[in-house]
Amino acid sequence: MAKSLQEFIVEEQRQHGGPDISALIFEIADSCRRIAVAVNRGALSGVMGYAASENIQGETQKKLDVITNDIFTHDNEITGFYAGLASEEMDDPYEISAGIQRGDYLLVYDPLDGSSNVDVNISVGTIFSILKAPNKNPAVADFLQPGVQQLCGGYALYGSSTMMVLTTGHGVNGFTLDVETGEFVLTNPGMMIPADTAEFAINMSNRRFWEAPVQRYVEECVKGKDGGREKNFNMRWVASMVAEVHRILCRGGVFMYPFDTKDPTKAGKLRLMYEANPMSFIVEQAGGVSSTGRQRIMEIQPNGLHQRVPVILGSKNEVDRVVSYHQGV
Ligand code: P6P
């Protein structure tokens with residue numbers, strides 16, 4: 001009989017000790033199950049298309065962005081586990097409602113990453129990160145903790161099946177939702193990223209905006225054996241980070257959303273606190289590497305809740321190669 005998420009997390013907590021966040025993880029899983037229902041109903045419940053609002057990124061919010069943000073925020077606020085919540089979809093940290101107990105943790109999340117895919121039925125996901133709250137009335141500065149301080153990093157993937165993948169610093173484990181019982185069941189214990197790969201993921205339409213080291217690396221992948229590499233490469237681009245990272249966890253690969261000069265005010269597209277950091281925690285715990293090209297992402301001291309960073313993550317030997325090109329090797 002495969003282990004449930006509950007059994008696994010309780011055993012992991014018993015084995016490794018540390019802050020007991022098992023109940024927080026259970027509630028997050030419950031909330032992701034509800035989001036899966038909303039996403040899977042899609043067009044059936046008229047939630048496709050755009051809402052009237054915009055988020056801080058200046059992106060027009062899809063109805064499901066707003067709906068999933070409301071679900072995730074409400075479900076986790078009422079637990080009393082958190083002193084504060086922060087989301088890609090909200091400009092400022094969410095103020096825990098009066099009368100609700102404030103806990104010792106912070107939850108930072110992208111409730112529906114890759115949402116531009118939802119209308120065309122391509123996998124999307126929820127990305128989340130749990131941090132320790134320094135006090136019960138956190139200001140923005142209290143959220144701005146480097147990735148190495150995360151207690152948990154994880155994602156839910158709403159794909160051909162709904163999965164939860166997470167780490168609390170003791171390896172990476174994947175759980176699949178059994179829609180008949182409503183339970184997340186351990187299906188991918190001890191996920192590890194192969195150190196080598198022949199698959200890279202990047203949005204090639206931005207090529208003219210990349211810096212030279214990324215240009216060089218991608219050109220060599222495209223040329224393969226004709227360009228001096230020892231193998232030929234495949235390319236993938238789903239435009240859904242959760243789907244890309246999941247594929248890399250399952251079979252290796254390198255994912256890049258590097259610095260580009262398309263918009264000099266942005267250091268890249270992906271957000272540090274609720275995309276790059278939780279995914280970097282998972283990737284590193286699975287034996288991979290996650291870098292901006294110049295520094296380990298998990299060591300960045302955040303300077304803003306919605307700060308963007310370049311992201312190059314995945315199979316160690318390939319990411320190390322991209323980093324070496326940034327060092328002029
Ligand atoms: P582009 C989704 O909007 C996202 O934040 C990531 O999930 C994804 O990897 C990236 O942006 C896709 O960006 O420029 O290819 O649309």
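Because domain 1 (5-188) and domain 2 (199-326) both give residues to its lining, the largest pocket lies between them; the domain bounds come from an automatic or database domain assignment. This is a predicted model, in which local features need pLDDT of at least 70 and side-chain atom pairs count only at pLDDT 80 or more, while totals for chains, interfaces and linings use all residues. Residues are numbered from 1 along each chain as its sequence is written, and side-chain values use heavy atoms, with hydrogens and water left out.

The space in the largest pocket amounts to about 470 Å³. On a 1 Å grid over the protein atoms alone, a pocket is an open set of points with protein on both sides within 12 Å along at least five of seven lines, a cavity is a set of points where a 1.4 Å probe fits but cannot get out, and lining residues have an atom within 4 Å of a point. Grid points are joined across faces, edges and corners, and a volume is the space filled by probe spheres set on the points. Of the 28 residues that line the largest pocket, Gly114, Ser115, Ser116, Ala239 and Lys269 lie nearest its centre. Strand 2 (60-62), strand 4 (105-113) and strand 12 (254-257) are the elements that give two or more residues to this lining; helices (H or I, at least four residues) and strands (E, at least two) are DSSP runs, numbered from the N terminus.

The second largest pocket holds about 210 Å³ of space, and its lining includes Val39, Asn40 and Gly42, together with Tyr158, Gly159 and Ser160.

Val39 also belongs to the buried residues of helix 2, among them Leu24, Phe26 and Ile35, where buried means under 20% relative accessible area, exposed over 50% and partly exposed in between (1.4 Å probe, protein chains only). Helix 2 (residues 22-41) has 20 residues and reaches 29 Å from its first C-alpha to its last, close to the 28 Å expected at 1.5 Å a residue, the expected span being 1.5 Å times one less than the number of residues. Just after helix 2, Gly42 adopts a positive phi of about 40 degrees.

Taken as a whole, the protein has 8 helices and 14 strands. Its radius of gyration, taken over C-alpha atoms, is 19 Å, close to the 20 Å that the globule rule gives for 329 residues, so the protein is as compact as a globular protein of that length; the rule is 2.2 Å times the number of residues to the power 0.38. Of the 329 residues, 57% count as buried.
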